[in-house]
Amino acid sequence: MKVLHLSESDGGGAGRATLRLHQGLQRLGVESQILVQLKYSDNLAVFSPQTTLEKASAKLKLPERLDALPLKFYRQRNAADFSLQWLPESIISKVAKLSPDVVNLHWVCHGYLSIESIAKFKKPIVWTLHDMWAFTGGCHYSQECDRYINSCGACPQLNSGKSHDISRWVWQRKLKAWQNLNLTIVTPSTWLAKCASSSSLFQDVRVEVIPNGLDTQQYKPIPQQVARELLNLPQDKQLILFGAMYPNSDRRKGFHWLQQALQSIKKSEGHDLIEVVIFGAAPPKEPIELELPSHYLGKLNDDIALAVVYSAADVFVAPSTQDNLPNTVMEALACGTPCVAFNIGGMPDMIEHQHNGYLAQAFDSEDLARGMIWVLENQDTNHLRHRARQKAEQEFTLDLQARRYESLYLERN
């Protein structure tokens, strides 16, 4: 059986999750390949544009920029991702040449795959959702909006008051193009499955929940003292870890909630023993007030380096306001690091309250602070760390994920 994954890239959160699934399938002996627009890995079964023109276009991100051009008419829209997927492309012919038995779609935005092209595959389609885009009028996370349940329009993210705006146009194109798809939806989290099933586009489509997996032999606990020595981090402090590429650019990542929580921690007894570590971002040109001493580790793509970072921390915090099944939380748990997050999205699928971390009341910075302090002060930290690692080993291994997908592919083929 030949499986072809379509993903805009094999980097970033969704791209790395796609690559991991591909590697898990290969270990099972499944003939798996990935077709991307931007390639970051050295995996020989990941195919990217070959012609000079295609390579230049991908490198300059022309498809992404062209796809976003109509959004310029919405000058008051917010900065969150919004994809129209209206550009013609040549994916169909490339897929035909590779002749798969099953096509597994992943994150296919930034002008990579048009809405209409998805309807032209002559093979069964499994679509792994890494966000909400597939069933909305263009947004990747709807925030407080539930218009995707009906037909989108008057989009809050576009700051549009018109029912027949560009979000309605995108939704109508999806409705028209996808009426007869041979499609199964897979979501990594229970939350996203409920959202998809309640949407107007996928309410009659089969939806399965298969959590992402990761290599638990790469992401595993490293002695904390050793990890801190390697990173030149203080041995005599309690370290709160946070990861984000652009902390201030995407409010969904909740950096503002972390700032408020750290303000509360600064007022607590023993705060002088607590410091913050941030990876994924370089020190900002203009200092960000974090209340506590901070260490910036920059962007890390290497799995081993990430495992060292997670192992160095006492607690990992993910203050997102809406999220699917973030790789960072899963990776931290696999390294035995307790996690703190709001009780939203896919977080409850990973974090067991006061067993391997703490689930704070949604958008309550005081409770987020209480959660971090609770982990730092917990007398049975070894239990938390053990349960964090155990959760990853029991539910989030590559082998378990790959076998579930293989079973689904065989059933659909």
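Asn232 occupies the loop between α8 (224-231) and β8 (238-243), where helices (H or I, at least four residues) and strands (E, at least two) are DSSP runs numbered from the N terminus. Although Asn232 is not a glycine, it has a positive phi of about 60°. Its relative accessibility is 68%, so Asn232 counts as exposed; the term means over 50% relative accessible area, whereas buried means under 20% and partly exposed lies in between (1.4 Å probe, protein chains only).

The model is a predicted one, in which local features need pLDDT of at least 70 and side-chain atom pairs count only at pLDDT 80 or more, while totals for chains, interfaces and linings use all residues. Residues are numbered from 1 along each chain as its sequence is written, and side-chain values use heavy atoms, with hydrogens and water left out.

Lys61 also has a positive phi of about 60° without being a glycine. The loop that holds Lys61 runs between α2 (52-59) and α3 (62-67). With a relative accessibility of 41%, Lys61 counts as partly exposed.

| Residue | Helix | C-alpha separation |
|---|---|---|
| Gly371 | α13 (residues 365-377) | 6.4 Å to Ala360, 11 residues apart along the chain |
| Ala96 | α4 (residues 91-98) | 24 Å to Lys59, 37 residues apart along the chain |
| Val309 | α10 (residues 303-312) | 9.4 Å to Ile222, 87 residues apart along the chain |

Gly371 has a relative accessible area of 0% and is therefore buried. Not counting residues up to four places away in sequence, Gly371 touches Val340 and Tyr358; contact means heavy atoms within 4.5 Å. Val309 is likewise buried, with a relative accessible area of 3%. Leaving aside neighbours within four places in sequence, the contacts of Val309 are Leu231, Leu241, Phe279, Leu297 and Leu300. Ala96, by contrast, counts as exposed because its relative accessibility is 55%.

The protein chain as a whole contains 15 helices and 13 strands. Its domain assignment gives domain 1 (2-213 + 398-411) and domain 2 (224-396), with bounds that come from an automatic or database domain assignment. Taken over C-alpha atoms, the centres of domain 1 and domain 2 are separated by 29 Å. To the contact between them, domain 1 contributes 22 residues and domain 2 contributes 18 residues.

A compact globule of 413 residues would have a radius of gyration near 22 Å, and the 21 Å of the protein chain agrees with this. That radius is taken over C-alpha atoms, and the globule rule is 2.2 Å times the number of residues to the power 0.38. Along its principal axes, the C-alpha trace spans about 60 × 50 × 40 Å.

Of the 413 residues, 57% count as buried. Among contacts with a separation of 6 or more, 65% involve residues 24 or more positions apart. The protein chain exposes about 18,400 Å², of which carbon and sulfur atoms supply 49%; accessible areas come from the Shrake-Rupley method with a 1.4 Å probe, and for residues only the protein chains shown count as cover.

The mean positions of the 43 positive and 44 negative charges lie 8 Å apart. Lys and Arg count as positive and Asp and Glu as negative, while His and the chain ends are not counted. Each charge is placed at NZ of Lys, CZ of Arg, CG of Asp or CD of Glu.
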